[in-house]
Amino acid sequence: MKRPAPMSEALAPMTGRLGPRGLGLLVCLLLAQPLQSCGEAERGEAIVIWHSYRGAEQEALGALVQAFNQQEIRIAKARPGRRPIRVRLMQISFENLPNKITNAVPRGHGPDLFVFAHDRLGDWASKGLVEPLGYWVGPEEAAQFVPKTLRAFEWDGRLYGLPLAYKSVALFYNEDLIGQTPPRTTAELIERGRRFMEARGKGYYGLVYEAADTYFHAPWLFGFGGRFLTPCAAGERPAGTCGGAPLPIHSPEAVRALRFARRLAGPGGIAAPEANGQLVTSLFTSGRAAMAITGPWFLSDLKAAAKKGLLRYRVAPMPTITEAMGRPARPLLTVEGVFMSARSSRKAEAYRVMSALASDEAARLRVTGARQLPASARVDRLLGNPQSSLYSRELAAFRDQLASTRLTPKTPFMRLVWEPYGQALAAAIGRGVDADEALGKAAADIERVLGACLERRR
Amino acid sequence: MARREAEARGVVLTWLIAALLMGATTLGLLLRERNRALVSRNEGAAEEALRRAQLALAVPLGEGREEDTVAALRALRGEGGIREVVLLRTRAASPELAFVRAVDLVAHSDPEVMPGPLRPRAARDALTPPRAKALYDWATRVESRSGRDRTWSRPTGGGETLEVGMALASKGTSYVLGLRWAPVEQPPGVPALGLVLILLVGLGFPAAQRFLGGRWRWLASAGGVSLAAVGCGLLLAGFAAEAPTAGPGTGFFQLLQSGLSQGVPRGGPGMAWVAVTLVCLALPFLGFLGLGNRAASAARQHRIAFAYILPAALGMLVLVMVPFLIGLGLGFFNHCDGRYEWVGLDNFVTILSGGGTSITDPLNFWFTLGVTLLWTFLNVLLHVSIGLALALLLKDPLLAGKGIYRVLLIIPWAVPNYITALMWKGMFHQQFGAVNQVLGLFGVEGVSWFSHFWSAFTANVVTNTWLGFPFMMVVALGALQSIPGDLYEAAEVDGASRFTQFTRITLPLLKPALLPAVILGSVWTFNQFNVIYLVSGGEPAGSTDILITEAYRWAFIRHERYGLAAAYATLIFLILLGYTLITNRVAKGAEGAMD
């Protein structure tokens with residue numbers, strides 16, 4: 001029986017050709033764990049940033065990082081002995097980034113910094129994945145930001161991120177179809193929408209928005225005085241200081257808000273049924289919907305149509321709700337910011353990169369390049385000043401909206417609410433189920449989903 | 001005679017091992033109790049130290065005498081085990097940004113670290129990172145918003161000292177006091193011995209069995225194993241870490257060291273322990289079954305063959321078996337905000353009892369199971385009948401352009417199924433979908449496909465039928481080619497009709513080829529995640545979800561209930577296992593009947 005050659009003999013011709021360096025590389029390739037360290041050593045330890053920006057936003061971030069790297073090299077040349085910081089960007093899809101952070105950081109594989117929305121903060125901070133920044137961010141540093149956007153990054157009395165840009169929905173309207181002034185109240189909105197529909201007939205809608213999506217329903221819910229979570233469950237107050245059920249899903253205010261949404265988007269309403277993101281875009285750009293409720297990301301969708309002169313639109317803050325005694329509709333506010341990994345090995349340098357990303361100059365680029373709404377207080381003031389070169393009518397409307405927004409809760413609880421709440425919306429608006437019943441079911445479903453976890457939270 | 005002696009020796013040995021095990025367990029439990037007492041004593045002492053520090057500092061701080069404050073801090077050093085004290089006074093930047101703290105005063109008990117009290121800017125710059133950052137973070141870890149709070153931490157590394165912090169807050173100013181403080185007595189690291197012994201005993205069983213024979217061997221190993229199981233159960237039951245000074249262990253050796261003394265944390269590492277222990281316990285059983293001997297002799301005989309399959313086998317082990325076993329194990333835990341908790345069969349009970357939902361509720365397991373079965377049955381029925389019908393049409397050797405038809409009919413199979421699923425979802429759109437536009441020609445107005453159960457279910461079935469029939473067609477075509485033509489000629493001579501030919505010749509001869517395809521197809525359809533998730537997405541209200549998408553929802557959408565999702569996966573596995581076993585038996589029976 002012929003015996004197979006031993007492993008070392010089989011490898012001999014390969015290793016002979018590769019030489020010691022090649023062998024080292026081979027070892028690096030073979031062992032997944034050292035792979036990172038082998039690469040890291042050659043690259044001279046760049047500060048790695050993960051982000052999920054695309055298109056113009058990605059370009060703006062890329063330009064910022066490039067400028068930062070060049071400046072570091074310039075400074076290092078001028079001052080010998082100072083090592084320049086190198087920043088490397090890595091794009092990861094929006095859906096995967098949070099899970100990658102949750103999984104990679106505890107094992108030490110994550111980035112030094114990452115850019116994401118604030119709504120996962122509670123989860124990350126309580127697991128100790130993100131670094132508290134209180135040591136670096138004193139009152140002067142904090143004063144650089146719009147206070148509301150900075151508050152998004154607070155968890156349990158500590159600050160965990162620097163805000164870059166914020167997003168909320170507002171009211172888009174086609175001025176050729178309903179006139180130059182926006183509707184200030186919902187009564188006016190419904191009246192104008194209805195008039196438009198009556199004038200045009202079938203296939204035309206006064207309003208289009210994703211009525212069955214929890215995010216887009218939030219303005220009405222908050223406007224009616226409802227909530228998704230109690231202050232404790234939302235992480236606004238420390239756990240244990242308020243008793244009772246953590247989820248005020250099935251409250252009278254919520255029911256009233258849902259009934260109102262049904263009048264708006266249900267049978268006989270002015271809003272297009274079964275709307276999703278694409279439908280909102282296509283109806284509004286084609287002039288088949290006079291108004292739309294959506295966020296600043298919509299601006300880039302409209303750019304092409306607006307350029308051709310086919311569409312003349314404006315943006316305005318959400319109307320006040322006549323049915324809720326004139327209280328303003330309050331959309332959810334999501335703030336994107338830069339976080340530091342608790343496992344970063346160069347935290348002081350990583351913070352320098354962070355503050356460069358969150359600086360006023362960076363915010364300026366974010367406005368001009370990516371049309372983002374900046375969290376920088378100074379640039380924010382410029383944005384609202386018609387005399388400034390940064391001023392833009394659309395962005396200024398979103399800026400006005402900021403005052404009546406509500407921060408998206410940062411607790412893992414909130415992620416639980418989206419789906420069942422959306423189902424309640426779909427049932428009540430689309431299928432005519434009573435609002436009270438639909439929300440009751442959503443509340444029961446959420447409690448069931450939480451199961452044993454609920455006991456602990458109470 | 002010699003055999004009798006060996007048996008007796010075996011019994012004695014087994015009981016000896018069992019006694020040793022019980023002893024180790026008892027020792028472990030005793031040591032843990034002792035350690036708990038120690039921890040509570042330490043807590044009391046730390047509390048006392050904090051109070052003393054608070055008392056000593058209250059007056060000078062209150063009167064704003066900073067030099068005296070530092071003197072008091074220095075005096076505290078060495079008292080009652082206090083090694084180091086740091087005081088941080090911070091003020092809120094503004095009422096609405098209370099979490100942004102302006103450092104107002106920093107003082108340290110060690111003159112070398114900090115010579116005197118330091119005021120705002122200088123304070124932050126005086127302490128250089130990373131130590132300053134660590135101190136600052138550690139001190140402000142204390143909840144500064146509520147009036148008074150404490151925090152505990154176990155230092156990483158040395159393990160010589162404990163850290164205790166306290167915060168007092170009033171009117172926007174907060175005082176944070178951190179003490180580095182030597183504990184009364186080090187917690188002993190010995191009890192890990194208990195666990196090690198259990199492992200050794202578990203490994204010792206196969207060895208011990210060599211001395212045993214006959215039914216004694218069975219009795220002895222069963223007795224020993226059940227004792228070991230009882231011991232392990234006792235240990236595992238007490239594994240909740242109660243000591244506030246115990247950080248969650250990470251490394252294997254750290255875990256081993258903390259062992260029973262502080263309890264093995266539940267979750268990841270704890271589960272690794274359970275797994276290792278269970279494997280050790282399972283070894284004697286394998287030995288009992290003679291698997292060890294058989295495997296060893298087989299390995300000796302076919303050494304080269306085993307060497308060849310080893311890489312693949314390792315790959316399978318790591319990529320398939322390990323996740324599978326972890327999945328099985330996970331079903332017995334509840335995951336809640338990053339913590340795992342052993343709940344036994346609770347997850348299964350919750351699922352099988354419906355968890356308080358009515359049978360018509362989409363969250364109810366039996367409802368979902370019903371939908372899944374209906375979904376599988378309808379799909380396989382449609383796949384087979386359409387596939388077979390097309391195969392019969394394409395079988396005709398005189399058919400012109402057969403190649404083109406075949407390629408066209410296989411295309412649905414060749415396109416990745418999620419792309420197809422997304423296209424169909426678009427086609428079922430209420431306003432702009434092709435389906436409704438075609439229906440509109442017949443006067444049917446805007447069906448809202450995904451707002452009613454039956455229409456959404458139909459949309460799913462249509463999509464999956466489109467995806468699934470080519471496979472059945474290809475299988476049937478292949479099998480049809482292999483049926484000898486003379487059978488049909490003979491049947492025609494005997495005057496059999498085309499229908500009789502089909503039922504008497506074609507179907508029976510297709511059966512051996514079709515049956516495995518049907519089994520495979522039904523298992524695929526049972527777990528057809530892509531179509532359900534992408535087409536209906538469970539709409540309306542999760543009612544068109546099948547078991548696998550429901551499991552996905554529990555794991556990734558509904559509060560990361562990994563345990564519940566794993567229990568769902570286990571149930572799916574059991575259902576499919578049972579189905580495969582039954583159909584295999586039926587298939588074998590059918591083959592037997594043919595012979």
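Author: Helices (H or I, at least four residues) and strands (E, at least two) are DSSP runs, numbered from the N terminus. This is a predicted model, in which local features need pLDDT of at least 70, side-chain atom pairs count only at pLDDT 80 or more, and totals for chains, interfaces and linings use all residues. Residues are numbered from 1 along each chain as its sequence is written, while chains are lettered from A and ligands numbered from 1 in the order in which they are written.

Reader: In which sense do β7 and β9 of chain A pair?
Author: Strand β7 (residues 170-174) and strand β9 (residues 289-294) of chain A are antiparallel, joined over 4 bridges.

Reader: And which residue is the bridge partner of Ala170(A)?
Author: Thr294(A), in β9(A), is the bridge partner of Ala170(A).

Reader: What is the order of the strands in the open sheet of chain A?
Author: The 4 strands of this open sheet run in the order β8-β9-β7-β10, with mixed pairing. Its edge strands, β8 (205-208) and β10 (313-316) of chain A, each pair on one side only.

Reader: Changing topic, where is confidence lowest in chain B?
Author: Confidence here is pLDDT, given by the predictor for each residue from 0 to 100. In chain B the lowest mean, 44, belongs to helix α7 (residues 252-262), and the highest, 92, to helix α12 (residues 365-395).

Reader: What is the mean pLDDT of chain B?
Author: The mean is 73, and 62% of the residues of chain B reach 70 or more.

Reader: What ipTM does the complex have?
Author: The predictor gives an ipTM of 0.71, together with a pTM of 0.69.

Methods
Pairing = 2+ DSSP bridges.
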